[in-house]
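Notes follow in the order I looked things up.

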Amino acid sequence: ALVSKGNYNHFMLKEIHEQPIVVAQTLGKYIDYSKRSIDLGDLPIDLSQIPRVTLIACGTSYYAAMVAKYWFEKIAKVPVDLDIASEFRYRDAVMAEGGLTLLISQSGETADTLAALRHAKEKGQIIATIINVDGSSMARESEMVFHTYAGPEIGVASTKAFTCQLSVLACLVLATAKAKQSLSQEDEQQYVKALEEAPSLMSMALTKEDQFKTVARDLAKARDILFLGRGVDYPIALEGALKLKEISYIHAEGYAAGEMKHGPIALIDENVPVIVLAPSSEIYEKTISNMQEVLARGGKIVLISDDAGLQGYRDDSLATIELPKAKSFISPLLYSIPIQLLAYYTAIAKGTDVDQPRNLAKSVTVE
Ligand code: G6P
């Protein structure tokens with residue numbers, strides 16, 4: 001079917017705004033809301049028997065995999081390997097017998113990820129995929145396919161497919177945790193409740209559009225931009241930097257906030273905006289102390305947090321953007337919105353071709 005931009009100027013903006021709906025749609029396929037429990041349906045394997053999970057993907061899908069590594073180990077207590085597909089193929093990975101290799105791909109056609117799938121299969125791994133496009137090559141070659149219900153994604157820079165991947169991954173992590181008996185029924189209900197709340201929190205973040213626009217006008221003047229985050233928000237910082245460079249062509253890097261002092265802090269001066277993702281979670285203070293190191297060197301901060309997390313910092317910063325308070329489990333879903341909108345409006349301020357950025361392809365079917 002032909003997809004239109006509707007009232008939006010770009011597919012990317014339309015797809016950003018579709019997220020509350022498509023995330024809810026995707027979650028609805030894997031959650032039984034009446035029981036507040038995860039329901040993946042009948043699986044051909046027993047999740048309780050999986051000794052190790054290997055997550056493999058490229059680009060934005062790789063950052064979804066990276067969030068899932070934090071979740072799998074924290075909640076399901078399963079050891080996880082994480083690989084970029086083009087690295088996995090050639091690095092002679094030692095794989096656990098009976099291990100699950102989970103490949104994540106919007107298109108299901110990315111050449112490196114498809115080759116990694118075949119490679120893992122040769123090594124006797126159980127193959128599962130998280131895919132958005134029906135009937136894709138990867139879907140055909142895997143034992144289990146977990147669909148994302150994002151609908152067609154047209155913008156080259158992935159947005160809604162990413163948050164739908166996170167949604168499926170969250171459910172898969174909870175299902176694995178349940179199977180391995182590392183999750184009480186009460187905890188399962190708490191996690192499911194958090195997921196249930198995610199779409200409306202994302203909608204609230206989308207109402208801050210004017211603030212993102214204002215900040216983006218400043219970002220558009222920068223040559224370099226840093227993104228900092230910790231824990232599950234670290235991959236979102238990486239994704240923020242990727243989104244920004246993809247569509248605005250500004251050099252951006254994502255860093256684990258604690259790694260700043262080992263290099264990137266040397267770049268800091270008043271010309272390098274630093275975007276700090278710091279929801280008020282257990283590691284909030286740690287991230288904030290890294291932010292202080294930037295401020296002490298004259299760096300300009302865009303602090304993105306919730307009301308509690310912004311207390312006391314509203315004056316120091318170049319800008320603050322307030323998001324609703326969310327359980328840390330779902331913060332990657334919520335904090336995806338600001339990084340996408342910042343990239344979008346920075347690109348708009350620069351006048352680049354948002355939906356068709358130079359040198360990039362929606363689906364990379366060559367090695
Ligand atoms: C290309 C796209 C990215 C995407 C990556 C992986 O580089 O431009 O947006 O994240 O491929 O694509 P996949 O379809 O495998 O998720």
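I started with Pro273, whose bridge partner in strand 11 is Lys300. Before going on, I noted that this is a predicted model, where local features need pLDDT of at least 70, side-chain atom pairs count only at pLDDT 80 or more, and totals for chains, interfaces and linings use all residues. Residues are numbered from 1 along each chain as its sequence is written. For the element names, helices (H or I, at least four residues) and strands (E, at least two) are DSSP runs, numbered from the N terminus.

Strand 10 (residues 273-277) and strand 11 (residues 300-305) run parallel and are joined by five bridges. I then checked strand 8 against strand 10: these run parallel too, with three bridges, and Leu226 has Val274 as its bridge partner in strand 10. Two strands pair if DSSP finds at least two bridges between them.

The whole sheet is open, has five strands in the order 9-8-10-11-12, and pairs in parallel. Strand 9 (251-256) and strand 12 (319-322) are the edge strands, each pairing on one side only. Neighbouring strands here are turned by 15° against each other on average, direction ignored. For angles, axes are lines fitted to C-alpha atoms, for helices over the stretch in contact, and the values run from 0 to 180 degrees between N-to-C directions.

I found helix 10 (residues 284-296) packed on this sheet, touching strand 8 (224-229), strand 10 and strand 11; its direction makes about 160° with that of strand 11. Touching means contact, that is, C-beta atoms, placed from the backbone, within 7 Å.

Is strand 10 covered or exposed? It is mostly covered, with five of its five residues buried. Buried takes 20 or more other C-beta atoms within 10 Å of a residue's own, exposed takes 12 or fewer, and partly exposed is in between, with C-beta atoms placed from the backbone. Pro273, Ile275 and Leu277 point one way from strand 10, Val274 and Val276 the other way, and all are buried.

Strand 3 (residues 53-57) pairs with strand 5 in the parallel sense over five bridges, and Thr54 stands opposite Thr101 in strand 5.

Leu82 counts as partly exposed because it has 18 C-beta neighbours inside 10 Å. Leaving aside neighbours within four places in sequence, Leu82 is in contact with Leu55, Ala65, Met66 and Lys69. From Leu82 to Ala65 I have 17 residues in sequence and 7.2 Å in space, C-alpha to C-alpha.

**Ligand shell**

Which residues come nearest to the ligand? Of the 16 around it, they are Gly59, Thr60, Ser105, Ser107 and Thr110; the cut-off is a C-beta atom, placed from the backbone, within 6 Å. Helix 2 (residues 59-76) gives the most to this shell, with three residues. By class the shell has five nonpolar, 10 polar and one charged residues. Ala, Val, Leu, Ile, Met, Phe, Trp, Tyr, Cys and Pro count as nonpolar, Asp, Glu, Lys and Arg as charged, and the others, Gly among them, as polar.

**Positive phi**

Most residues other than glycine have a negative phi, so I went looking for exceptions. Asp92 has a positive phi, near 50°, and lies in the loop between helix 3 (85-88) and strand 5 (100-105). Asp92 is exposed, with 7 other C-beta atoms within 10 Å. Gln181 has a positive phi of about 55° and sits in the loop between helix 6 (160-179) and helix 7 (185-206). Gln181 is exposed, with 9 other C-beta atoms within 10 Å.

Definitions and conventions
Two residues are in contact if their C-beta atoms, placed from the backbone, lie within 7 Å.
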